[in-house]
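The following note sets out a few points for a colleague who is new to this entry. Please read them alongside the sequence and the model.

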Amino acid sequence: MAVNPPKTKVLFSTNQRLQKLKEAFLGKYEESPLFYVCAPGRVNLIGEHIDYCGYAVLPMAIEQNILAAVSVNNSHTIQLANTDPKYKDFSVSVSELTIDRENPQWHYYFLCGVKGVQEQLSLSSLLGIRCLVDGTIPASSGLSSSSALVCCAGLVTMEANQKAISKVLLAETCAKCERYIGTEGGGMDQSISFLAEEGTAKLIEFNPLRATDVKLPDGAVFVIANSCMEMNKAASSHFNIRVVECRIATKILAKTRGLEWSGQQKLGVLQTELGLSLDKMLDVVEEVFHPEPYSREEICKLLEITTEQLCNNILSANTQHVTHFKLYQRARHVYSEAARVLQFKAVCDSSPDGAVLQLGNLMNQSHASCRDLYECSCLELDQLVDICLQAGAVGSRLTGAGWGGCTVSMVPIERIDSFLRTVKEKYYLPDARRAALVKQSLFVTRPGGGAAIFTEE
C-alpha cells in the first residue's frame, strides 16, 4: 500500500462530477481550480462504539464522498463555499482560525482539518485557498460525512502548502483534530477514509494505527438503508456520555483490580494491562458492576474522589449535567462487541461453509447489543432492521454512532432485487418524506478506495 495519499491525473471528459465542479468553481471564483481532493464516507460492518475504547473495528469505504476543488493564493484567507446552497459561504483569515463547538456548522469541520494539519506540521502561516466543496454522503446519517469533510480539509491543507504526510499520520491527525468541535471519537472514520482500498474491507487497529485487508465472502452484498432520522454527534451529548461512561467503568474496574486507576482511560488498554481474555473481562464486569445506574455520589465513593474531581478530571464539557451512568451495560457491550469483530474477521479469513449466515448472525448480535446495552438505537432504526431481516437479509444492524442514521444489511445476492423492493415498500413508501428520499437512502455498496488528490489531465 502506498505510504502517501495517491495523486492522479484525471480526464475530465470522462468524469461528469469533476467537470461540473470545475465549472461551478469557475463561475464562483472566476479562476480554475489548481487541484481536487476527495475523501470517502464509510460504513462500519461491525464494531460499534469501541474504537474510542482502544478496540479494532471493521469498516469499508463507500463510493459516496466529499469532493473539493481548490485554488491557492497569497491572501492568507480561507474562502469556503458548498455546492449545496443550504451550507453558507464562509471566509476567515488563516491567523484567526477559531472553532465554535457550541455551533457545529459545516465550515467548522473543515477548519478542524486545516488546524490539525497546521499544528502537526508546525506551520507558522498558511497560504490562502479558495475551495468549493461537493458532498454525496448524506449528512448526519452515520456514514461519516463530518469526518470525511475533516479528512478532505486536512488533505487540501497539506497539498495547498506543498507538504507530504503519510496516510497513517494524516488519519491520526484528523482523528485528533475533530475533537476541536467536541466529538471525542476513536479514529475509525478518519483511518478508513485514508487507508481504504478498493475491493476490500479493513480491520483497523489502534496504538499503533494499522489496517489489514478483510476479504468479504462471495455470495452476499451489503446494503445501506437510511432511517432518515438525523443525529449530529457534536450537537448532542449522547455520544460523549457513552465515552465518559466507558471511561468511568475503566477506572472502577482498574481500582478493584488493584491498578493505579487515575491514568486509565480505555477499556481496551485495561484488558491488555490485566492480561485477561475478552471472555474473562466479561466475567469481571459481571462481578464488579450492578445493572442499576450509578449516581455521581456512588462513583465518587468507589473512586474515593470529590464531586469536583469527577467534574474536572473525568466528565467532558458537554457531560457536566449527567447525574446517572450505566456502567455495567456499557462495559458489557464494549467487551462483547470487541469479541464479535475478531470473530467476524476470523470467519472472513477462513471462509467456511455457511460463512454468510455466521457473519449475519454476528451482525444481529451486534445490533441487539447496541439497542439493549449501549442504547444507541432508536425506534426507526429498530423498525428498519426488522424490515430488512423480514425482506431477506441474513444480518442487519445500525451503523455509525446511532440514534438515527443508517442500517447496514448483509443480503445473499440471489435475494437482492426482492430485498430492495420489500424495504422500499415497507419502510420508505408509506411515509411521504422518506419516499422522497428513497433514491439516495437505499443502495447496495461495495468497498471503495481511500482519500486522493486529482489534477486535470
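1. S237 lies in the loop that links β9 (220–226) and α6 (238–256); helices (H or I, at least four residues) and strands (E, at least two) are DSSP runs, numbered from the N terminus. S237 counts as buried because its relative accessibility is 18%, where buried means under 20% relative accessible area, exposed over 50% and partly exposed in between (1.4 Å probe, protein chains only). Not counting residues up to four places away in sequence, S237 touches N318 and H321, a contact being heavy atoms within 4.5 Å.

2. This is a predicted model, in which local features need pLDDT of at least 70 and side-chain atom pairs count only at pLDDT 80 or more, while totals for chains, interfaces and linings use all residues. Residues are numbered from 1 along each chain as its sequence is written, and side-chain values use heavy atoms, with hydrogens and water left out.

3. Strand β2 (residues 35–46) is mostly covered, with 12 of its 12 residues buried. Its antiparallel pairing with β3 (residues 58–73) runs over 10 bridges; two strands pair if DSSP finds at least two bridges between them. Within this pairing, R42 has A61 of β3 as its bridge partner. Strand β15 (residues 452–456) is also antiparallel to β2, joined by three bridges, and its I453 stands opposite V37.

4. The largest nonpolar core has 134 residues, and L45, F110, F289, Y335 and F344 have the most contacts inside it. Such a core is a set of buried Ala, Val, Leu, Ile, Met, Phe, Trp, Tyr and Cys residues joined through side-chain atoms within 4.5 Å. Helix α11 (residues 327–350) gives the most to this core, namely 11 residues.
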